[in-house]
Amino acid sequence: MAKMRYLLLILALLLIISCAPQAQKKEGLILTTEDNVKLSIHYTPADSDKAIVLVPMLNHNKESYDAFSSSLEKDFAIIAIDPRGHGSSDLDWEDF
């Protein structure tokens, strides 16, 4: 059930971002979950209706994809997220 909420949260974020004006490069966003956990997100807009969501591996963060995502920025909007306990998001992955 929690995985489904997480997926719906990401899909809602994609919908919100796709409707937002695209004037800036790499924007830092904070998403607060239903249980009050803050998730850190980088959003890079593009002149495209396509987006890629990047979720890092265990004990990594959204910045792990910086080199990779820079090669995709011209064709895709990029959403890089720090899941719970990773990077700048709340909690500690070792406590799960």
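Helices (H or I, at least four residues) and strands (E, at least two) are taken here as DSSP runs, numbered from the N terminus.

**Figure 1. Overview of the chain in a predicted model.** Read from the N terminus on, the elements of the chain follow one another as α-β-β-β-α-β, and the secondary structure amounts to 2 helices and 4 strands. Of the 96 residues in the chain, 31% count as buried. The accessible surface of the chain comes to about 6,300 Å², and carbon and sulfur atoms account for 58% of that area. Among the contacts in the chain that link residues at least 6 apart in sequence, 59% join residues that are at least 24 apart.

**Figure 2. The open sheet of 4 strands.** Across this sheet the strands are arranged in the order S1-S2-S4-S3, and their pairing is mixed. Strand S1 (27–32) and strand S3 (51–54) are the edge strands, each of them pairing on one side only. With direction ignored, neighbouring strands of the sheet are turned by 25 degrees against each other on average.

**Figure 3. Strand S2 and its partners S1 and S4.**

**Figure 4. The largest nonpolar core.** Nine residues make up this core, namely Leu31, Val37, Leu39, Ile41, Tyr43, Ala46, Ala77, Ile79 and Ile81. The elements that contribute two or more residues to the core are S2 and S4. In soluble globular proteins, nonpolar side chains tend to be buried together. A closer look at Val37, one of the core residues, shows that, once residues up to four places away in sequence are set aside, Val37 touches Leu31, Thr32, Arg84, Asp90 and Leu91.

**Figure 5. The hairpin of S1 and S2, with Asn36.** In this hairpin there are 5 residues between the strands, and Asn36 has its place in the loop that they form between S1 and S2. Most residues other than glycine have a negative phi. Asn36, although not a glycine, has a positive phi of about 70 degrees. With a relative accessible area of 53%, Asn36 is exposed, because the cut-off for that class is over 50%.

**Figure 6. Asn59 in the loop between S3 and helix H2.** The loop shown here leads from S3 to helix H2 (66–70), and Asn59 lies within it. Asn59 is likewise not a glycine and has a positive phi, in this case of about 65 degrees.

**Figure 7. The aromatic pair of Tyr65 and Phe68.** The count of aromatic pairs in this model comes to 1. The ring centres of Tyr65 and Phe68 lie 6.4 Å apart and the ring planes stand at 55 degrees, so the pair is described as tilted. Tyr65, at 23% relative accessibility, counts as partly exposed, and Phe68, at 46%, counts as partly exposed as well. Phe68 lies in helix H2. Computed along the sequence, Phe68 and Leu54 are 14 residues apart, whereas in space their C-alpha atoms are 10.0 Å apart.

Key: Residues numbered from 1 in each chain as written. Predicted model: local features only at pLDDT ≥ 70, side-chain atom pairs only at ≥ 80, totals over all residues. Heavy atoms only, no water. Pairing = 2+ DSSP bridges. Axes fitted to C-alpha atoms, helices over the stretch in contact; angles between N-to-C directions. Buried < 20%, exposed > 50% of the residue type's maximum accessible area, 1.4 Å probe, protein only. Contact = heavy atoms within 4.5 Å. Areas by Shrake-Rupley, 256 points an atom, 1.4 Å probe, with all protein chains shown as cover. Core = buried A, V, L, I, M, F, W, Y, C linked by side-chain atoms within 4.5 Å. Phe/Tyr/Trp six-rings, centres within 6.5 Å; stacked < 30°, edge-to-face > 60°.
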